[in-house]
Every structure is written in C-alpha cells, then in structure tokens.
Amino acid sequence: MENPYGIAAMWAQSDIVIKAVAFSLLFMSIATWCVILIKGIKLYKLKQPLVGSKQFWHAQDVQSGILLLETPTGQATPFSSLVNEGMHAKAHHEQHKEDLHGNLPIAEWLTASLRTSIDESKSELQSNLAILASIGATAPFIGLFGTVWGIYHALISIGVSGQASIDKVAGPVGEALIMTAFGLAVAIPAVLGYNALTRGNKRVVNRLNHFAHELHAFLLMGSAPSANAKRPVFKTVGGK
C-alpha cells in the first residue's frame, strides 16, 4: 500500500522551488563529503612525515633524511619541501652574492625563504576548507527556506479544500519539515569535518614551525639547536 505521507509524497506534490532546494542540498552534501575525504586522506598521509620530522636529525645525510619526510609513496610533503627550499635558498645566496639579496645576512635570507615555504604549505592545507565553513553556515537556512515554502503551499491547499482537521494538516506540514532535517543533515557533517581538519592542520603547522627552527639553525651552523637556543620567528599570515 502506497504511503500517502513521507519523502516520496512530498517530492510528488512539491513544486520547482522545493525541488531546487532539495537538489541544492544534495549538491552541498556531495561537495562536503568530497572535501572531507580528499583533505582527510592528504592529512593522513602526513602522519609518517610528522614522525619523520623528529627522526630527520638521526639520518646519516640530508638526502636520507628527506626520504623520512616524504609520504610512503615518495610524494613531497610540506616537511620535505621545507628542507629543499632551505637548501636551495642557502645555495642560491652563496652563488649570487652580487645580486641585491646578496647584501642580506644569510640568516635573514633563510628565515624569509623558510617562512615563505611555510605560508605556501599552510595555504595548501587550508584550501577548500572555506567550502565546509560556508556549507555548515548556510545549509540549515536553505533547508528552513524549503520548509517555509512547503508549509506556505500546504496551508494554501488546506484553505482551498476547506478541511483543517489534524489528519489534513499533519501530513503536508510534516512533509515540509523534512527540508529542515535535510538542511541539518548537510550542515552537521560540514561543521564537524571543518573542525576536525582544522585541528589536524594546526598540528601540522605547529610541527612545521618547530622543524623550521631546527632546520634554520642546521643550515647556519651545521647542527640542530639546543633546547635553550633563541628561535627565529616563523609566524604565518595573521601571526598564528
């Protein structure tokens, strides 16, 4: 026996506005899960390089250490890129002393180069997270709009029929409220995914800043710094 209420009945009775809202929420849900899965996989691949950044200083040479900073499949990571950028910056400064940047102290040149690498890595880590933030903020209101629109048409239909009994009101109004549930079902994963990815990115950036300090001292002095050594400032955009 066909159910006169529910999602199927709502879809059959809905107009173009409700269908557009439903398709919008479906698209937003697909986008949310795509971003969460893609960014989550990339963040998971940084688990080994995070450990490798601490084991780097136990390697026999720089190239062996870089292997510890790459993914298991040999792909570059923010940590390996930082080492490559630091080595390149040092070699470039030594080979082009006649250029304008040759007048800069090597310490400041390395600090600027490493900071640039960190900023680029942070930008890559945070890319597309704005999609999750936007969906988390707007999806409930889009669902609420669909609910209001559905209730409006339901009340018009009830008024035209002249029947206002509970069985005539509960069905159409309850069906319209489904759109609010859809909006929440889209927004909640987006908010939770955004918070989880942001925490993971913060952990990576904090370790990247600490590793940059160690690398800066190594490139200048050829050794890792002591615990009491004064650290250069590797603040990213916004001072975080």
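**View 1. Helix α2 spans residues 16–45 of this predicted model.**
The helix holds 30 residues. From the first C-alpha to the last, α2 reaches 43 Å, close to the 44 Å expected at 1.5 Å a residue. The buried residues of α2 are I18, V21, A22, L25, M28, A31, T32, V35, I36, K39 and L43. In an α-helix with 3.6 residues a turn, residues three or four places apart point the same way.

**View 2. T32 is a buried residue of helix α2.**
T32 sits in helix α2. Its relative accessible area is 1%, so T32 counts as buried, the cut-off being under 20%. What does T32 contact, leaving aside neighbours within four places in sequence? The partners are L132, I135, V186, P189 and A190.

G200 belongs to helix α8, which runs over residues 166–221. Is G200 buried or exposed? At 17% relative accessibility, G200 counts as buried.

**View 3. Helices α4 and α5 cross at roughly 150°.**
Helix α4 covers residues 62–69, and helix α5 covers residues 78–95. Their axes come within 8 Å. An angle over 145 degrees counts as roughly antiparallel, and α4 and α5 are therefore roughly antiparallel to each other. Which residues make the contact? From α4 come V62, I66 and L69. From α5 come F79, S80, V83, N84 and M87.

**View 4. F56 and W57 form an edge-to-face aromatic pair.**
A search of the whole structure finds seven aromatic pairs. One of them joins F56 and W57, with 4.8 Å centre to centre and 90° between the planes. F56 is buried, with a relative accessible area of 4%. W57 is partly exposed, with a relative accessible area of 24%. Ring pairs also link F56 and W57 into a cluster with F79, F211 and F218. F79 of α5 also takes part in the contact between α4 and α5.

**View 5. W149 and Y152 form a tilted aromatic pair.**
How far apart are the ring centres of W149 and Y152? They are 6.1 Å apart. The planes stand at 50°, so the pair is tilted. Both residues lie in helix α7, which covers residues 129–161. They are three residues apart, and are therefore separated by about one helical turn. W149 is partly exposed, with a relative accessible area of 28%. Y152 also counts as partly exposed, at 46% relative accessibility.

From the N terminus on, its elements run α-α-α-α-α-α-α-α. Buried residues make up 37% of the 240 residues. The protein exposes about 14,100 Å², and carbon and sulfur atoms supply 65% of that area. Among contacts between residues at least 6 apart in sequence, 74% join residues at least 24 apart.

Conventions:
Residues numbered from 1 in each chain as written. Predicted model: local features only at pLDDT ≥ 70, side-chain atom pairs only at ≥ 80, totals over all residues. Heavy atoms only, no water. Helix = DSSP H or I, 4+ residues; strand = E, 2+ residues; numbered from the N terminus. Expected span 1.5 Å × (residues − 1). Buried < 20%, exposed > 50% of the residue type's maximum accessible area, 1.4 Å probe, protein only. Phe/Tyr/Trp six-rings, centres within 6.5 Å; stacked < 30°, edge-to-face > 60°. Contact = heavy atoms within 4.5 Å. Areas by Shrake-Rupley, 256 points an atom, 1.4 Å probe, with all protein chains shown as cover. Axes fitted to C-alpha atoms, helices over the stretch in contact; angles between N-to-C directions. Parallel < 35°, antiparallel > 145°, perpendicular 65-115°, else oblique.
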